[in-house]
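Subject: Structure handover

Hello,

Here is the structure I said I would pass on. My notes on it follow below.

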Amino acid sequence: MTSETCFIVYLENGCSIRLSNGVTLSSQNKELFFIRGKWKDVLCYKSPGVHLLTISRNILCKFIQLLDVELFQKYNSVDIPVYITYSCSEGMDNINVITELCVSNNNDAVIPSIRKQLLLMTLMSCFLENRFFLPLLKMCLRKNMKEQVIIIVTGDISEKWSIEKVAARLCVSQSLLKKRLKNENTSYSQVVLECRMQKARELLSLQRLSVKQLAGLCGYRSVAYFIAVFKRYYGYTPCEYGAMNCCE
């Protein structure tokens with residue numbers, strides 16, 4: 001199944017773009033459109049004056065983490081549109097942002113990853129005054145709950161993440177978080193375990209650390225428990241795994 005993503009479409013004066021649902025978006029002036037959908041939903045976009053920017057789920061999650069959680073929780077609109085619009089004016093700073101992103105897309109110019117994320121989030125902030133924008137974001141992030149949990153946990157792997165904390169970050173109830181992870185054939189504890197064990201393996205491969213340091217960096221307060229979990233997961237203790245890696 002192809003998961004949904006988001007697009008920001010920039011249309012220059014008099015340009016238009018057709019969606020697969022039969023909707024045609026057009027611009028009298030310079031306009032931005034924030035669209036929820038799949039790649040197949042956006043048709044005929046390789047036209048002069050039409051610029052398509054993809055917003056990854058990772059960027060959406062980072063953007064939402066910058067917002068006020070209580071504010072985000074207020075938005076539970078039932079009738080959520082597929083797209084919303086924002087009209088740009090010549091004198092506004094976001095025109096420069098759009099120009100840089102569009103030039104990069106069209107000419108294969110390279111924008112550093114962090115800068116590109118910041119530019120895209122700047123454009124996303126233009127839509128904040130639209131009452132449908134936050135419900136639209138929540139709709140986009142309802143799928144693939146495992147990936148959202150991974151982003152939060154790996155953002156600070158040493159934190160003692162509880163399901164309460166993670167659910168609050170995602171603006172969902174604990175029961176809903178559990179249900180969606182179950183629908184994805186996993187669980188909260190399994191996702192966190194995978195994150196911590198992946199981080200432990202990376203640290204063993206890249207740095208010389210004591211087992212105590214390694215346990216702390218991976219969010220374990222008990223060294224003995226960390227060793228037991230690591231051995232159960234990989235079949236070797238951290239020391240054994242590190243020794244094998246050094247011999248390769």
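Are Tyr220 and Phe226 buried or exposed? Both Tyr220 and Phe226 are buried. Please keep in mind that this is a predicted model.

Aromatic rings

The count of aromatic pairs comes to 13. For Tyr220 and Phe226, the ring centres are 5.4 Å apart and the planes stand at 45°, so this pair is classed as tilted. Tyr234 and Tyr241 make another tilted pair, with 5.3 Å from centre to centre and 45° between the planes. Tyr241 has a relative accessible area of 17%, and it counts as buried because the cut-off is under 20%.

These residues belong to one cluster linked by ring pairs: Tyr220, Tyr225, Phe226, Phe230, Tyr233, Tyr234 and Tyr241. Tyr220 also has a charge over its ring: the charged end of Arg196 sits there, 5.9 Å from the ring centre.

Nonpolar cores

The largest nonpolar core contains 36 residues. Within this core, the residues with the most contacts are Ile8, Leu32, Phe34, Met124, Phe127, Phe133 and Leu137. Two or more residues each come from strands S1 (5–11), S4 (31–37), S6 (50–55) and S7 (83–87), and from helices H1 (57–65), H3 (94–107), H4 (113–125) and H5 (133–140). H5 gives the largest share, 6 residues.

Leaving aside residues up to four places away in sequence, Ile8 touches Leu32, Phe33 and Phe34, then His51, Leu52, Leu53 and Ile55, and finally Leu120, Leu123, Met124 and Phe127. Apart from the core described above there is another one, of 17 residues, including Ile163, Leu181, Val192 and Cys195. As general background, nonpolar side chains in soluble globular proteins tend to be buried together.

Whole protein

The protein has 12 helices and 7 strands. Of its 248 residues, 44% are buried. Among contacts with a separation of 6 or more, 65% are between residues 24 or more positions apart. The accessible surface comes to about 13900 Å², and carbon and sulfur atoms account for 51% of that surface.

Regards

Methods:
Residues are numbered from 1 along each chain as its sequence is written. This is a predicted model: local features need pLDDT of at least 70, side-chain atom pairs count only at pLDDT 80 or more; totals for chains, interfaces and linings use all residues. Side-chain values use heavy atoms; hydrogens and water are left out. Helices (H or I, at least four residues) and strands (E, at least two) are DSSP runs, numbered from the N terminus. Buried means under 20% relative accessible area, exposed over 50%, partly exposed in between (1.4 Å probe, protein chains only). Contact means heavy atoms within 4.5 Å. Accessible areas come from the Shrake-Rupley method with a 1.4 Å probe; for residues, only the protein chains shown count as cover. A nonpolar core is a set of buried Ala, Val, Leu, Ile, Met, Phe, Trp, Tyr and Cys residues joined through side-chain atoms within 4.5 Å. Rings of Phe, Tyr and Trp (its six-membered ring) pair if their centres lie within 6.5 Å; planes under 30 degrees apart count as stacked, over 60 as edge-to-face and the rest as tilted. A charge sits over a ring if NZ of Lys or CZ of Arg is within 6 Å of the ring centre and within 35 degrees of the ring normal.
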